Amino acid sequence: MCACFQVLLKVPVPPLKQTLDTYLKCMQHLVKDEQFRKTKGIVEKFGAPGGVGETLQKKLLERRERTTNWVYDYWLEDMYLNNRLALPVNSSPVMVFPKQTFTDYKDALRFAARLVVGVLEYKTLIDARALPVDFARGQLAGTPLCMEQYYRVFGSYRYPGLKTDMLKVHMNCAALEHMIVMCKNQFFRLDVIANGQQLSEPEILSQLEKIVKMSENTKEWFPPVGVLTSDGRTEWTQAREELTKDPTNRESLALIESCLCVICLDESSRVELSDTNRALMLLHGAGPQQNGANRWYDKSMQFVVGMNGICGVVCEHSPFEGMVMVHCSEFIIKHITTTVTPPSSMAELPAPKRLLWKCNPHIQRLMTSSGDRLQRLVNNLDMDVFKFKVFGKDFIKKQKMSPDAFIQVALQLAFYKCTSKLVSTYESASIRRFQEGRVDNIRSATPEALAFVTMITDERRNFSDAEKLKRLRDAINAQTNYTIAAITGMAIDNHLLGLLRISKELKMEKPELFCDETYQTSNSFILSTSQVPTTVEMFCCYGPVVPNGYGVCYNPQPDHILFCVSSFWENTETSSTVFIKALNEGLLEIRDVCNTTKP
């Protein structure tokens, strides 16, 4: 239980009529008129007195009474565990640490040793339940937040399944005493406790040096088993079943599945260390021929230390949200950069154990296929990290506007400039104000945003600056109001998902509302966005969630805003470069609207 658990309420179930009315308002301007008329009729029938909606709502309210969090399992399965796509790019976000300058490989290992100690110190705080309680920032600031997600940071493991994955969480992380170190696609067990004592930084460094030396012995190399975890979840399940037929493999898998975290010691990559290239290296390791197989994607935390200074963390997203990853990462970076290592006596430790694998020709073929699919994913990802330097959140706050709402309106303007339309947009909203709260969705493509972007891009009519500013403020207020609804448990996405899942549990025929084309459109998030602010110079990024979409992660700082925009090359309608150009133009135009209307 988290420290603030007693004062937190359960996630509410919004009133049915409120959700249905909001759903219609969110979708009316995103679908054709004829389709909307059809949807309106379906929604009215669903919400009518004595109708299907009332029955499902009643059951959902009963579920709320008997569970800690009525939406948690539904949401986890729908968002992550039922998704069959590969974890790299499609699901696992990464945090790119500040660029390091290592003089040689030993320098990189010193950084890695210090990182391991930082991880262990953070784990000590988690084990003791000594992390200070988080309080909400931004809208409705000051509310205590649920801390449950922090207790899943190190003890979580996502097992692949044929139709749905399983998330297993070791609640007693104190019992976990080893990490897995990957080097040259080989696996090594690093015991962080010896004779009841945690290893010192010099001892960890010594063990890492032994691992690097052992990994250089090509005669003892095993095939790159890690590449299997980069595949689609169903494919990986089938490969894992083949692997587990051999007891040697079962033993190695058990060690990986029960580790605290994975440390990936990466080879130097042959690219310039731009922000974009560093992001790509962490997202997918540049494929099986570089560092793409030096990973184990099922594990919740994989810390990457590249010999050329590309460092960061790859997170399996199902146990926790981005801000938990941020807090953990910032703690570790601060430990690395500010801690002075005290001299300590070195114990003579046994060499770390290499994990062994038995791979028959069938498993070898599966690895080759996984590697080919990973390479296709690598070749398909169009990623661009863009630092907008003209202004940051300080300027936006001076306009008496919410920085997040301002940026969301700018993203709608950028998308409209590229496509002359708006689409269903996802912005994650934390519902950690409630017990075991995760997220709901802020639907940023509001009618007010559409009114603003059509006005500012209309070259045939001459609108006054005052009219433009009014439309801008309307769009920002609509975004802010929806944000407040979402963080207080009154958004529509979780609620609609809950009604759908209850209908399945009751073995009802799928309600017409959920078969309707508008509902499919509403859940295809062509624009998937998230604000992940940091206090250390690092940034988060991820891939798009649909083939024809964009993933946009942004980090507002006082004097600049960092955007990580991703799309897929295979889709000819999208281009990260074109989107960023439109975003840059849009931000400047919105600034001009603010500046030209100063009294």
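Two strands pair if DSSP finds at least two bridges between them. In this predicted model, strand β15 (residues 527-531) and β17 meet that condition, pairing in the parallel sense over 5 bridges. One of the contacts can be named: T529 has V552 as its bridge partner in β17.

## The sheet of 6 strands

β15 and β17 belong to an open sheet of 6 strands, in the order β12-β18-β17-β15-β13-β14 and with mixed pairing. At the edges stand β12 (381-388) and β14 (439-442); each has a single partner strand, so one side of each is left without a neighbour in the sheet. On average, neighbouring strands of this sheet are turned by 20° against each other, direction ignored.

A helix packs on this sheet. Helix α19 touches β12, β15, β17 and β18 (561-568), and its direction makes about 25° with that of β12.

## The sheet of 8 strands

The model also has an open sheet of 8 strands, again described as having mixed pairing, with the order β11-β5-β4-β8-β9-β10-β1-β16. Its edge strands are β11 (353-354) and β16 (539-541), each of which pairs on one side only. Helix α10 (residues 322-338) lies across β1, β9, β10 and β16 and runs at about 35° to β1.

How many residues of strand β10 (residues 311-315) are buried? The count is 5 of its 5 residues, and the strand is described as mostly covered. In a regular strand the side chains alternate between the two faces of the sheet. In β10, C311, V313 and C315 point one way while G312 and V314 point the other way, and all are buried.

Strand β9 (residues 301-306) pairs with β10 in the antiparallel sense over 5 bridges. Strand β1 (residues 94-96) also pairs with β10 in the antiparallel sense, over 3 bridges. The table names some of the bridge partners in β10.

| Residue | Bridge partner in β10 |
|---|---|
| V96 | G312 |
| M301 | C315 |
| V304 | G312 |

β9 and β10 form a hairpin with 4 residues between them, and G309 in the turn has a positive phi of about 95°.

## Aromatic rings

A pair of aromatic rings is described by the distance of the centres and the angle of the planes. Rings count as a pair if their centres lie within 6.5 Å. By this rule the count comes to 20 aromatic pairs.

One of them is formed by Y122 and F154: the pair is edge-to-face, with 6.5 Å centre to centre and 85° between the planes. Where do the two residues lie? Y122 is in helix α5 (residues 105-127) and F154 is in the loop between α5 and β2 (156-159), so the pair ties together parts that are 32 residues apart in sequence. Y122 counts as buried, at 2% relative accessibility, and F154 counts as buried at 2% as well.

Another pair is Y550 and F579. Why is this pair called tilted? Planes under 30 degrees apart count as stacked, over 60 as edge-to-face and the rest as tilted. The ring centres of Y550 and F579 are 4.7 Å apart and the planes are at 40°, so the pair is tilted. Y550 lies in strand β17 (residues 550-556) and F579 in helix α19 (residues 576-596), so this pair ties together parts that are 29 residues apart in sequence. Y550 is buried, with a relative accessible area of 3%, and F579 is buried with a relative accessible area of 0%. The pair therefore joins the strand and the helix of a contact already described, since α19 touches β17.

Ring pairs also link F386, F388, F391, F395, F406, Y554 and F563 into a cluster.

R63 lies over the face of Y74, at 3.9 Å from the ring centre. The charged end of R129 sits over the ring of Y151, 3.5 Å from its centre.

## The annotated region

UniProt lists residues 11-585 for "domain: Choline/carnitine acyltransferase", in an unreviewed entry. Over residues 11-585 the chain is 43% helix and 15% strand, and the end C-alpha atoms are 40 Å apart.

Technical notes. Residues are numbered from 1 along each chain as its sequence is written. This is a predicted model: local features need pLDDT of at least 70, side-chain atom pairs count only at pLDDT 80 or more; totals for chains, interfaces and linings use all residues. Side-chain values use heavy atoms; hydrogens and water are left out. UniProt positions are given in the numbering used here, feature names are shortened, and annotations may be inferred rather than shown by experiment. Rings of Phe, Tyr and Trp (its six-membered ring) pair if their centres lie within 6.5 Å; planes under 30 degrees apart count as stacked, over 60 as edge-to-face and the rest as tilted. Buried means under 20% relative accessible area, exposed over 50%, partly exposed in between (1.4 Å probe, protein chains only). A charge sits over a ring if NZ of Lys or CZ of Arg is within 6 Å of the ring centre and within 35 degrees of the ring normal. Axes are lines fitted to C-alpha atoms, for helices over the stretch in contact, and angles run from 0 to 180 degrees between N-to-C directions. Contact means heavy atoms within 4.5 Å.
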